[in-house]
Amino acid sequence: MEEVCEGKEFSFPRQEENVLSFWTRIDAFKTQLKRTENLPEYIFYDGPPFATGLPHYGHILAGTIKDIVTRYQTMTGHHVTRRFGWDCHGLPVENEIDRKLNIKKREQVLEMGIDKYNEECRSIVTRYVEEWEKVITRTGRWIDFTNDYKTMDLPFMESVWWVFAQLFDKNLVYRGFKVMPYSTGCKTPLSNFEAGQNYKDVPDPEIMMTFPVIGDQDNAAFVAWTTTPWTLPSNLALCVNAKFVYLKVRNKNNGKVYVVAESRLSSLPTDKPKANLANADAKKANPKAKGGAKPESSADSYEVLEKFNGASLVGKKYEPLFDYFSDFSSEAFRVVADDYVTDDSGTGIVHCAPAFGEDDYRVCLENKIIKKGENLVVAVDDDGLFTERITHFSGRYVKDADKDIIEAVKAKGRLVKSGTFTHSYPFCWRSDTPLIYRAVPSWFVRVEQLKEQLLENNKQTYWVPDYVKDKRFHNWLENARDWAVSRSRFWGTPLPIWISDDGEEVIVMDSVEKLEKLSGVKVFDLHRHHIDQITIPSSRGHEFGVLRRVEDVFDCWFESGSMPYAYIHYPFENKELFEKNFPGHFVAEGLDQTRGWFYTLMVLSTALFKKPAFRNLICNGLVLAEDGKKMSKKLRNYPPPMEVIDEYGADAVRLYLINSPVVRAEPLRFKKEGVLGVVKDVFLPWYNAYRFLVQNAKRLEIEGCKPFVPIDLATLQSSNVLDQWIQSATQSLVHFVRQEMDGYRLYTVVPYLLKFLDNLTNIYVRFNRKRLKGRTGEDDCHTALSTLYNVLLTSCKVMTPFTPFFTETLYQNLRKACEGSEESIHYCSFPQEEGTRGERIEQSVTRMMTIIDLARNIRERHKLPLKTPLKEMVVVHPDAEFLNDITGKLREYVLEELNVRSLVPCNDTLKYASLKAEPDFSVLGKRLGKSMGLVAKKVKEMPQQDILRFEEAGNVTIAEHKLELTDIKIVRVFKRPDGLKDEEIDANGDGDVLVILDLRADESLYEAGVAREIVNRIQKLRKKSGLEPTDFVEVYIESLDRDESALLQVVNSQEQYIRDTIGSSLLPSTMMPSHAVIISDESFQNVSKVSFKISLARPALKFNEEAILALYSGDVKYARELQTYLLSRDHSNLKTEFQAGDGKQITVGCIEKVPVVSVVLGEHLHLTVGDYYLLSTRSTV
């Protein structure tokens, strides 16, 4: 393995760029596909975005989810084809061209020619493809852009034709009407998206009018309210709410009898009607009115004759305002009921004109006032003018006719009151004319007929989160309406329907071949300007003329819903591939697609095959700006994605998005600081653990003179408890991630990984520093490093789908220590769970960390730093196995971490604590009701033995109520031993384990405390000097006190602890050779009552001058020249040379005019002063 830089110098974004270059060099994605081509298929459907805009965080989020799942499936033994798709047709593209060419009306397109218009559309479809590929690739997503699919390509469009033809053959297609926002200026329907682009505050009329009830004994009339008087000539029904209460009331002044909702009586006029109905309800009587008289209210003006519910009005006939639709009298002009009628405005009775309102149309259809199909009379033409049927207003623009229609209603004596009000109204964003709702002819798919099968198919799918499937999507399917799949547009897949002039002959094309065969025309493109002119001779003979194609194109949602078939040109190609693997295994998009792509996928697959289109689905929420608003380029309220990636890296962005509510279909407020948090909390600790491994492996290589080769995981056997624990924890990580990924719960993985990394760095590496640094022997060091190596390698493979760049970076260095490893981590299999997990040891280590945290809290409460040694700690827990672990395998880690000399186990939970039972009012309150008081009293009175029995049994019956462990809180109150004060002993617990610390000062622990202070100063000086943990230096100490004996006593008594901790002996300053090179030094005053100076020096040779002089028979000059030569040598090279000579001697014969001699290590010199010091102290002992 190669050396690696410090974490603060490591650039995650720059390293990701290097990884991208590496992937390009080895053609990683294609190679992976080639290597897995014989494995079982995993079919992933990628919903096609529009390429007319640049990718944003929503696309990056969905792309990340897709990439994680498909990478995981590849690593678990599947072949996963990933082709990018483009939605090329429809509104977004036409909008751009209309703006570019300043097109305002439909006629302008026809004038310039559909061919020119469509080619303009085609020219911009792929405008941002390069930018998309750049961003998506930079995020780490592997997907094929070269072999992409486009909805405008002939193979895709041909499959769409096939889908439609199948539906037609199954009698699932009919021609009917759909009420849509309609622009009279552009003579075209608009989508809801377009309709919402241009709202204005405008004044509009509002009127109340009467509809006399036929056969009513009081000559009562229904009173309805409308803000669109122009729709009154087309009235066919009145609608009430069956749940509302209605009143029949008589005006006390004029005797007229009206029927209105009880809650809307106040809307009826009094003797002095107000001009503005919109504000009528809000205006209150003025008690200070002139003359002091109180204005008459509606309640005062009307006498209630009868009260009844809305349901009783259903079916009642009434007299229409106009006779333009008298031919509908047998079915129309009656009362129907529906919940869409509200009582927040109007009279509680709504007038219905089915051709001009979505609810009007639905309600009239459901009540058989009109029939599904083509018999709907739309009395307003494409220009917004009344047709000849509306004789009195024929040829008039509807909005202009409002005043005259009101006058006509008034003239008939049917006007109750009128006025104007200002409200926000939609205008056409192209022509700036007010929109109307108008029924337009459309081709429909009979979705309502498929409802039961759709609901059943939905049950067969698996969604994350499941509530989106069970509630939102289920409800949408439950209320599904027939789907209008045609649009009166130009740039789209044309409907493959050819109809004769008399409408009697209809042919639907299911392939290009069929069209060519019937028309005799060769077809190369299926867009309108290539096929509109193609006719088909009538099969009935020449006299019946030809069949012509209907002008409409498909709604682009029909195209994207056909994607599972069209992207592989099914059934014309890939028949076996499709039929073996349908439904697809996985789809993922945003929450908005429950009414979009997810819906159309389900409808078409159900209609075609009676199956769902997919098996598994992840639904993500919306990524919002930090302020909670929608991300807006105009407002610049979010950082550009590439800016964040270039600063923190794509892996950090990926983990930030995945570890958020957005993966559970909830909204996420994107914060740049959150991405930085991922770098700090995940990647830097992970990198530092990896770097620590590399540093110590390199040190072992230098000391052992051979490359570090880790022990294979299968043969790695360690008696060390933390080795066993981290190996078990790693297997738990593998188990957990496999379990969660198989359940498509991506959001649970990152929190678990965070905990794992925290355990790896703050428990395993921290507690094992001595072993990893080689201070417990070379073999033990090799075992510990091998354990850390295997843990890092396994965790990298586990996290590869989530962080493809960082894991590749680590893997490329780690693989150098193992022969025969894969070229890329993305060619590796996902780790299998190997062996049994040590659940007991994992639990014991978790409890150990709890003990350490509890004890640290006690120290903090009493302001006792960890450098202050304490005499004793008691651990109280009923589990004997756990106490055995803590006092056995884990004892040394607890004592060292907490700087405590003795650990005492105790399984008597009542020795140091008394138990109290507290009822959980939040849980029990609602359940017990009036019994709560009695139960609470008895719970609080529970004796200690009863509490212990309750803890063991898990339940108890009190006052005839069975209570579980979740219903009662057990509180352990520390019971201080007699004779001790609060400041002398303290305890802390978490409800499971109790920790007691003896806080009394003990002079015998003074020297250990000073030793810790000295070590602390040495480590800080090393860091201040910029030394790496693997940099070996010699440490000298000099007393600055008059009486040096106190420091000398500490250094001597704590020598072993100091040497184990700093990795070398602490040397007296008097032993420093004159040739020693000092790196840094610092003086410290009055540290635990001693003052001293620490010096850090490079390793220096220690000569035995008498022995060297003896080599040359007392020749001082020769002896000095030998010493000068040895000091000029590189220290590490000299060490290596001695090791090559059996570690004992070297021959020196290269000094000019100086005799050749053999220099023996330990006799003539020592490589370090520390070596000499150790040897001399041992010989003294």
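Helices (H or I, at least four residues) and strands (E, at least two) are DSSP runs, numbered from the N terminus. Helix α7 is followed by Gly140, whose phi is positive, near 95°. The helix itself spans residues 129-138, and its buried residues are Val129, Trp132, Val135, Ile136 and Arg138. Buried stands for under 20% relative accessible area, exposed for over 50%, and partly exposed for the range in between (1.4 Å probe, protein chains only).

The model is predicted, so local features need pLDDT of at least 70 and side-chain atom pairs count only at pLDDT 80 or more, whereas totals for chains, interfaces and linings use all residues. Residue numbers start from 1 along each chain as its sequence is written, and side-chain values use heavy atoms, with hydrogens and water left out.

**Helix pairs**

Axes are lines fitted to C-alpha atoms, for helices over the stretch in contact, and angles between N-to-C directions run from 0 to 180 degrees.

| Helices | Angle | Axis separation |
|---|---|---|
| α3 (57-75) and α24 (721-742) | about 115° | 11 Å |
| α14 (466-478) and α20 (597-609) | roughly 55° | within 11 Å |
| α32 (921-928) and α33 (932-940) | about 140° | 9 Å |

The crossing of α3 and α24 is left-handed. That term applies when the near helix is turned anticlockwise from the far one by less than a right angle, and right-handed applies if clockwise. On the α3 side, Ile68, Val69 and Tyr72 meet Arg738, Met741 and Asp742 of α24. Sorted by class, this contact holds four nonpolar, no polar and two charged residues. Ala, Val, Leu, Ile, Met, Phe, Trp, Tyr, Cys and Pro count as nonpolar, Asp, Glu, Lys and Arg as charged, and the others, Gly among them, as polar.

Helices α14 and α20 cross at roughly 55°, and α14 and α20 are therefore oblique to each other. Angles under 35 degrees count as roughly parallel, over 145 as roughly antiparallel, 65 to 115 as roughly perpendicular and the rest as oblique. The crossing of α14 past α20 is right-handed. Phe473, Trp476 and Leu477 supply the α14 side of the contact, and Phe598, Tyr599 and Met602 supply the α20 side. This contact consists of six nonpolar residues, with no polar and no charged ones.

Helices α32 and α33 pack at an angle of about 140°, and this pair is therefore oblique as well. Phe921, Leu924, Gly925 and Leu928 of α32 make the contact with Met932, Val935 and Ala936 of α33.

**Sheets**

An open sheet of three strands has the order β15-β24-β23, with parallel pairing. Two strands pair if DSSP finds at least two bridges between them. Strands β15 (462-464) and β23 (584-590) are the edges, each pairing on one side only. From one strand to the next the twist averages 15°. Strand β24 (residues 614-620) is joined to β15 by three bridges, and the two run parallel. Tyr462 has Asn616 in β24 as its bridge partner. Helix α3, already described in its packing with α24, also packs on this sheet, where α3 touches β23 and β24 and its direction makes about 160° with that of β23.

A second open sheet has four strands in the order β4-β3-β14-β16, with antiparallel pairing. Its edge strands, each pairing on one side only, are β4 (188-189) and β16 (483-484). Strand β14 (residues 435-445) and β16 run antiparallel and are joined by two bridges. Phe444 stands opposite Ala484 in β16.

**Two loop residues**

Lys816 is located in the loop between α28 (804-814) and α29 (839-861). With a relative accessibility of 47%, Lys816 counts as partly exposed. Its contacts, leaving aside neighbours within four places in sequence, include Met1 and Glu2; contact means heavy atoms within 4.5 Å. Lys816 and Val709 are separated by 107 residues in sequence and by 9.1 Å in space, C-alpha to C-alpha.

Gln1054 is in the loop between α36 (1045-1053) and α37 (1055-1062). Its relative accessibility is 15%, so Gln1054 counts as buried. Not counting residues up to four places away in sequence, Gln1054 touches Glu1007, Ala1008 and Ala1011.
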